[in-house]
Amino acid sequence: MQSMPAALWIVATPIGNLGDFSDRARRTLADVALIAAEDTRHSARLTRHLGIDTPMVSLHEHNEHARVERILESLAAGESVALISDAGTPLISDPGYTLVGAVRAAGYPVLAVPGACAAIAALSVAGLPSDRFVFEGFLPAKATARQARLGELADETRTLICYESSHRIERCVLDIAAVFGATRRIGLCRELSKLHEQSVVLDAEALGQWLAEDDNRRRGEFVLVIEGGPLQRRDGAEIALDDLLGELLALTGTKQAAKAAARLTGAATNDIYARALALTAAD
Ligand code: SAM
């Protein structure tokens, strides 16, 4: 990397199987002068596995501001630096946002070595609408705050992706059932790309029961992929957009169907037209 100008490399690491590490990611970690890692002891296992001895410094939520100066010094000295987190893509429910902003402000390039991200892996296997989605990160840990946040999200019509820990997964799903309704479909993706990988898609209430039935189902790391809420008709009655579009598309062309659905639901014609195109393409 000597021939390249000093840069900050944002390197994704595997969320499960270390064999998923790309050769480019390995070379980047080997070539930079310094690796900033969320937990240096955890990441030392990865670098040992890769046969890399690049010096490491910690960068976590409690020291990120202080570390920015140290990393800017390396860049000023012409040295490239890589940022990794414990697993997956840095900055996605992980540290790095402050650092990336500071490095950009100082005028150095920030480059991505993309790879695993649990949210995207879950979305890719859940089979729920993936054309539009919202990433919510971790919902609040306390029940009252979690229910309040879910209340704010109840009208979201796009697919919603959340991270959740093993000790809260069941209560979180019960709260979703209570706030979004028992029949809202949820994809639960557990231990993605690991030995005990498991993905199920069930109605919210049924998923709560499924989790309660077996302790093993509450073990490991989780992503929830939650079906978007139904659109509201102007009179307040709920209607599923795909059902409405399906009926209209059987009667008329895509443009007319989208216009009619937009009038009935009050949603943006462009959004509805895009959905109508996706539905006709899928037929
Ligand atoms: N930056 C990471 C990424 O790109 O996915 C996420 C870091 S966040 C601190 C960790 C959370 O991601 C876990 O609590 C879990 O919700 C989710 N997660 C990470 N790895 C996972 C896996 N293999 N299977 C399911 N969920 C996972």
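## A chat about the ligand site and the core

Colleague: Start with Glu191. Buried or exposed?
Modeller: Buried. This is a predicted model, and in it Glu191 has 13% relative accessibility. Buried means under 20%, so Glu191 counts as buried.

Colleague: Where does Glu191 lie?
Modeller: In the loop between strand 8 and strand 9 (198–203).

Colleague: And what is its phi?
Modeller: Phi of Glu191 is near 55°, which is positive in a residue other than glycine. Most residues other than glycine have a negative phi.

Colleague: What about Ser193? Which loop is that in?
Modeller: Ser193 is in the loop between strand 8 and strand 9. Its phi is also positive, near 60°, and Ser193 is not a glycine. Ser193 is partly exposed, at 24% relative accessible area.

Colleague: Switching to the ligand. How many residues surround it?
Modeller: 19 residues. The closest are Ile92, Asp94, Ala118, Tyr163 and Phe222.

Colleague: What classes are they?
Modeller: Eleven are nonpolar, three polar and five charged.

Colleague: Which backbone atoms lie by the ligand's N and O atoms?
Modeller: Take Phe222 first. One of its backbone N or O atoms is 2.6 Å from a ligand oxygen. For Ile92, a backbone N or O atom is 2.8 Å from a ligand nitrogen. Glu191 comes back here too: a polar backbone atom of Glu191 is 3.5 Å from a nitrogen of the ligand.

Colleague: How much of the ligand does the protein bury?
Modeller: 90% of the 570 Å² that the ligand exposes when taken alone.

Colleague: Which strands supply at least two residues of the shell?
Modeller: Strand 7 (159–164) and strand 10 (222–226) each do.

Colleague: And the domains? Where does the ligand lie?
Modeller: Between domain 1 (8–116) and domain 2 (119–226), because both give residues to the shell around the ligand. The domain assignment also gives domain 3 (231–282).

Colleague: How far apart are domain 2 and domain 3?
Modeller: Their C-alpha centres lie 27 Å apart.

Colleague: New topic. In the largest nonpolar core, which residues touch the most other members?
Modeller: Ile176, Ile186, Leu188, Leu207, Leu224 and Ile226. The core has 22 residues.

Colleague: Which elements give two or more residues to it?
Modeller: Helix 6 (143–153), helix 7 (169–180) and helix 8 (204–213) do. Strand 7, strand 8 (185–190) and strand 10 do as well.

Colleague: Which one gives the most?
Modeller: Helix 7, with six residues.

Terms used:
Residues numbered from 1 in each chain as written. Predicted model: local features only at pLDDT ≥ 70, side-chain atom pairs only at ≥ 80, totals over all residues. Heavy atoms only, no water. Near = heavy atom within 4 Å. Polar contact = N/O pair within 3.5 Å; in protein donor to acceptor, adjacent residues only side chain to side chain. Areas by Shrake-Rupley, 256 points an atom, 1.4 Å probe, with all protein chains shown as cover. Helix = DSSP H or I, 4+ residues; strand = E, 2+ residues; numbered from the N terminus. Nonpolar A, V, L, I, M, F, W, Y, C, P; charged D, E, K, R; others polar. Domains from an automatic or database assignment. Core = buried A, V, L, I, M, F, W, Y, C linked by side-chain atoms within 4.5 Å. Buried < 20%, exposed > 50% of the residue type's maximum accessible area, 1.4 Å probe, protein only.
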